Amino acid sequence: MHLTSVPAYRMLQTHHAEASHWHMRDLFARDPNRASAFSLEAAGLYLDYSKNRITRNTVELLCDLARECGVETQRGALFNGAKINTTEHRAVLHTALRAPRGKPQIIKGTDINSEIHAVLDQIARFTENVRSEQWRGCSGESITDVVNIGIGGSDLGPKMACQALRTYSHPRLKLHFISNVDGHDLNTLLPQLDARTTLFIVASKTFTTVETMMNAQSARAWFLTQGNSEADLAKHFVAVSTNADAVKTFGIDPKNMFPFWDWVGGRYSIWSAIGLPLALAIGIEKFREFLAGAHAMDQHFCNAPLEQNMPVLLALIGIWNRNFFGNTSISIAPYHQYLQQFPAYLQQLEMESNGKRVGADGSILPHATCPILWGDVGTNGQHAYFQLLHQGTDVVPVDFIAALKPAHALPGHHAMLLANCFAQSEALMLGKNADEGRSELQAQGKPKAETEALLPHKIFPGNRPSNTILLNELTPASLGALIALYEHKTFVQGLVWGINSFDQWGVELGKVLAKNIHAELTGTSAPQKHDGSTNTLIARAKAIFMYCGTELSDSGTLSSTD
């Protein structure tokens with residue numbers, strides 16, 4: 001049954017016909033306790049969702065919708081290890097990665113809790129050795145730089161978390177992240193490194209990911225050109241993978257391979273050995289706090305009733321705005337510089353999970369699914385795209401995220417930051433009507449004619465929805481809880497939309513076509529039939545390479561013909 005056929009959906013349609021006439025400033029005026037009625041705390045986070053066009057009846061109907069879509073049943077299936085990734089016949093057990101030691105979970109006759117903590121123990125030993133300088137490079141010097149080579153979830157998660165938790169980073173270790181197959185990325189970094197003091201982490205489950213392995217092979221070649229031997233590779237390269245043979249062939253000691261499992265999806269993998277860069281940066285104890293924060297949100301999501309469940313409510317408010325008010329995008333606005341990468345992280349989490357037009361049953365969905373996610377840190381966004389948020393023709397809901405306590409001691413800055421955060425959500429909700437705009441212009445002494453000419457530009461419609469999520473402080477535990485909050489939000493929305501949130505077939509077609517075109521560009525296969533545009537692009541690229549005196553080698557890197 002599609003979402004649009006669910007009885008609660010039809011009731012919400014009727015309810016929306018009434019809600020579409022509401023203005024939030026009136027809702028707040030009528031209910032002095034609105035903020036407390038539409039807010040809650042969980043796992044160290046505080047969510048205020050009162051600045052949405054909702055009433056208590058709206059929330060009740062949305063929770064009925066969640067029940068009728070099987071959210072409670074499927075929530076249990078997620079935690080119990082059922083194969084809810086139906087197209088790939090896999091369980092989805094990222095929550096097990098942050099469960100405490102000694103909490104058995106049997107999958108196919110194996111206690112995965114024991115396996116998970118065995119890998120965590122391996123990570124603990126390795127990170128302690130690097131951080132304490134027991135692990136040294138081939139010249140006997142300590143490691144100063146760590147380069148993570150991955151892509152997608154193997155890059156976005158650890159990169160985002162390392163930046164977010166930089167307050168806790170080891171002072172000697174500099175973390176770098178390489179993901180783009182564009183050689184400009186790696187070529188910019190390598191001259192900054194000393195091969196004798198650099199550790200590379202190659203993160204690829206199969207050790208065959210095209211972009212990752214091209215970057216890894218280029219890093220390997222660079223390392224060998226710095227006067228090092230192949231025997232030295234084992235001191236400077238480790239792997240997060242499951243392909244021991246390929247890891248060994250590359251030159252990495254299989255003892256320094258950190259495994260994970262097929263039930264760990266890339267965008268949910270920061271909790272696994274993919275989090276090795278984060279563990280190196282903040283230490284294993286802080287990494288365990290990171291896991292514990294996520295586990296606390298798991299426990300809340302698993303046990304709290306829907307009406308008091310933070311991920312469920314965040315998801316349902318998103319459904320209300322997307323499927324009933326027709327909002328096509330959502331802006332993520334972290335008011336914390338260290339969370340600069342968080343919007344990009346959520347783009348993969350939500351859009352790769354729920355950016356689908358086909359339901360889990362294979363049918364074409366008759367309703368909208370995942371909105372476009374975008375954003376940047378405040379206050380930068382205020383001087384870039386907030387004009388559109390306030391007065392644009394599209395209504396864009398916003399998630400504001402802020403920490404109440406800063407990680408710095410500069411006077412005055414944090415109060416100004418929080419003032420801007422709170423003011424923006426208030427301004428989006430209240431807006432400014434004609435009477436208020438006219439009074440403001442008159443107070444400035446504007447002549448009547450100029451006042452009336454300027455007035456349309458001074459009116460803000462308001463009634464634009466937002467959520468505010470507050471952390472007491474940006475710590476490993478609170479970051480873990482924040483990520484888990486959005487993971488579970490994504491899961492709930494996928495269930496309501498009838499989507500399998502844990503596959504990503506949409507990324508496959510481009511990969512296949514790129515492989516074919518790469519063979520044509522490098523001359524390893526004859527030209528194939530493409531559309532006229534693609535044929536022209538390929539021919540132009542090859543002509544420019546020849547004109548510049550370069551050619552594309554079989555390895556895909558530019559080499560001089562001179």
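This is a predicted model: local features need pLDDT of at least 70, side-chain atom pairs count only at pLDDT 80 or more; totals for chains, interfaces and linings use all residues.
1. Residues are numbered from 1 along each chain as its sequence is written, and side-chain values use heavy atoms, with hydrogens and water left out.

2. Six strands form an open sheet in the order S1-S2-S13-S12-S10-S11, with mixed pairing; strands (E, at least two residues) and helices (H or I, at least four) are DSSP runs numbered from the N terminus, and two strands pair if DSSP finds at least two bridges between them. At the edges stand S1 (39-42) and S11 (372-375), each of which has a single partner strand, so one side of each is left without a neighbour in the sheet. On average, neighbouring strands of this sheet are turned by 20° against each other, direction ignored.

3. Within this sheet, S12 (residues 398-405) pairs with S13 (residues 466-473) in the parallel sense over seven bridges, and Phe-400 stands opposite Thr-468 in S13. Helix H16 (residues 413-430) packs on the sheet and touches S10 (329-335), S12 and S13, its direction making about 155° with that of S12. Here contact means heavy atoms within 4.5 Å, and axes are lines fitted to C-alpha atoms, for helices over the stretch in contact, with angles running from 0 to 180 degrees between N-to-C directions.

4. Strand S5 (residues 145-149) is mostly covered, five of its five residues being buried, that is, under 20% relative accessible area with a 1.4 Å probe and protein chains only. In a regular strand the side chains alternate between the two faces of the sheet. In S5 both faces are covered, with Asp-145, Val-147 and Ile-149 buried on one side and Val-146 and Asn-148 buried on the other.

5. S5 pairs in the parallel sense with S6 (residues 174-178) over five bridges, where Ile-149 has Ile-178 as its bridge partner. From S5 the chain crosses through helix H7 (residues 153-164) to S6 in a right-handed β-α-β crossover, meaning that, with the strands pointing away from the viewer, the path from the first strand over the helix to the second runs clockwise. S5 also pairs in the parallel sense with S7 (residues 198-203) over five bridges, and Ile-201 of S7 is the bridge partner of Asn-148.

6. Gly-480 lies in helix H19 (residues 476-497) and is buried, with a relative accessible area of 0%. Leaving aside neighbours within four places in sequence, Gly-480 is in contact with Trp-271, Phe-290, Gly-293 and Ala-294.

Definitions and conventions:
Buried means under 20% relative accessible area, exposed over 50%, partly exposed in between (1.4 Å probe, protein chains only).
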